[in-house]
Amino acid sequence: MNNIKKYIILIIFIISIPVLATAQNNLYGSIWNIEFDKKLNKKFDLSTEFELRTIYYLRLIERGSWSLQADYNLSKHIDLGAGYELKNQLDTKYAKYLFQKQVVYTNRGQIEIPGDFTFKLREKSK
C-alpha cells in the first residue's frame with residue numbers, strides 16, 4: 001500500500017511540472033526555500049526560514065531573505081504567529097539591490113487527511 005502512495009505522489013509531481021514551468025514569467029528563475037522549526041512546548045513554536053530566488057536561469061539572484069517567526073497554537077487546527085523578515089531584493093529597472101525589513105503576521109490552519117497526509121493553509125499579512 002505504501003508503494004501505491006509513493007507512485008501517486010510521483011505521478012502528481014510529474015504532471016504538475018509542465019504547469020509550473022508555464023506559470024513562470026519570462027525571466028525563468030527558481031525559488032529555493034529552507035525552514036527550521038523548533039517546538040518550544042505544547043503551545044509555542046519558533047521557526048526561521050531562508051529563501052533564495054534566482055532569475056535568468058540561475059545567473060542572477062533576484063532576492064534573498066531571512067525570517068524569524070514565533071507561532072502560538074490556539075487550538076488543534078489553528079495557529080497564530082508573528083515574525084520579522086529581512087530581505088535584499090534586486091530592482092531590475094535600476095540594477096541595484098534594495099534592503100527591506102518588515103513585521104509579518106500569520107494565521108495557519110491544518111487538517112489531517114486519512115492516509116498520513118496533512119493539508120495546511122497559511123496566510124501572511126505584511
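Visitor: Why is Asp-71 called buried?

Guide: Please keep in mind that this is a predicted model, in which local features need pLDDT of at least 70 and side-chain atom pairs count only at pLDDT 80 or more, while totals for chains, interfaces and linings use all residues. Residues are numbered from 1 along each chain as its sequence is written, and side-chain values use heavy atoms, with hydrogens and water left out. Asp-71 has a relative accessible area of 5%, and buried means under 20%, exposed over 50% and partly exposed in between, with a 1.4 Å probe and protein chains only; Asp-71 is therefore buried.

Visitor: Where does Asp-71 lie, and what is its partner in a salt bridge?

Guide: Asp-71 belongs to strand β3, where strands (E, at least two residues) and helices (H or I, at least four) are DSSP runs numbered from the N terminus. Its side chain meets that of Arg-108 in a salt bridge, at 2.7 Å from N to O. This pair links distant parts of the chain, since Arg-108 sits in strand β5 and Asp-71 in strand β3, 37 residues apart. Asp-71 can also be set beside Asp-45, from which it is 26 residues apart in sequence but 5.0 Å apart in space, C-alpha to C-alpha.

Visitor: Which residues are linked in a network of salt bridges, and how do you know?

Guide: The network links Glu-51, Arg-53 and Arg-63. Glu-51 meets Arg-53 at 3.3 Å, N to O, and it also forms a salt bridge with Arg-63, where the closest N and O atoms are 2.6 Å apart. Because Glu-51 lies in strand β2 and Arg-63 in strand β3, this second pair ties together parts that are twelve residues apart in sequence.

Visitor: How many residues line the largest pocket, and what makes it a pocket rather than a cavity?

Guide: On a 1 Å grid over the protein atoms alone, a cavity is a set of points where a 1.4 Å probe fits but cannot get out, whereas a pocket is an open set with protein on both sides within 12 Å along at least five of seven lines, and lining residues have an atom within 4 Å of a point. The largest pocket has a volume of about 280 Å³, and it is lined by 16 residues, among which Asp-45, Asp-79, Arg-108, Gln-110 and Lys-120 lie nearest its centre. β1, β2, β3, β5 and β6 each supply at least two residues of this lining.

Visitor: How does that lining divide by class?

Guide: The lining of the largest pocket has twelve charged residues, four polar and no nonpolar ones, with Asp, Glu, Lys and Arg taken as charged.

Visitor: What is known of the largest cavity?

Guide: About 80 Å³ of space lies in it, and its lining is made by 13 residues, of which Glu-49, Ser-67, Leu-68, Gln-69 and Lys-124 lie nearest the centre. By class, this lining has three nonpolar, five polar and five charged residues. At least two residues each come from β2, β3, β4 and β6.

Visitor: Why is Phe-44 called partly exposed?

Guide: Phe-44, found in strand β2, has a relative accessible area of 39%, which lies between 20% and 50%, so partly exposed is the fitting word.

Visitor: Why is Ala-95 called exposed?

Guide: Ala-95, placed in the loop between β4 and β5, has a relative accessible area of 64%, and this passes the 50% limit, so Ala-95 is exposed. Its phi is near 55°, a positive value in a residue other than glycine.

Technical notes
Points joined across faces, edges and corners; volume = space filled by probe spheres on them. Salt bridge = Lys/Arg side-chain N within 4 Å of Asp/Glu carboxyl O.
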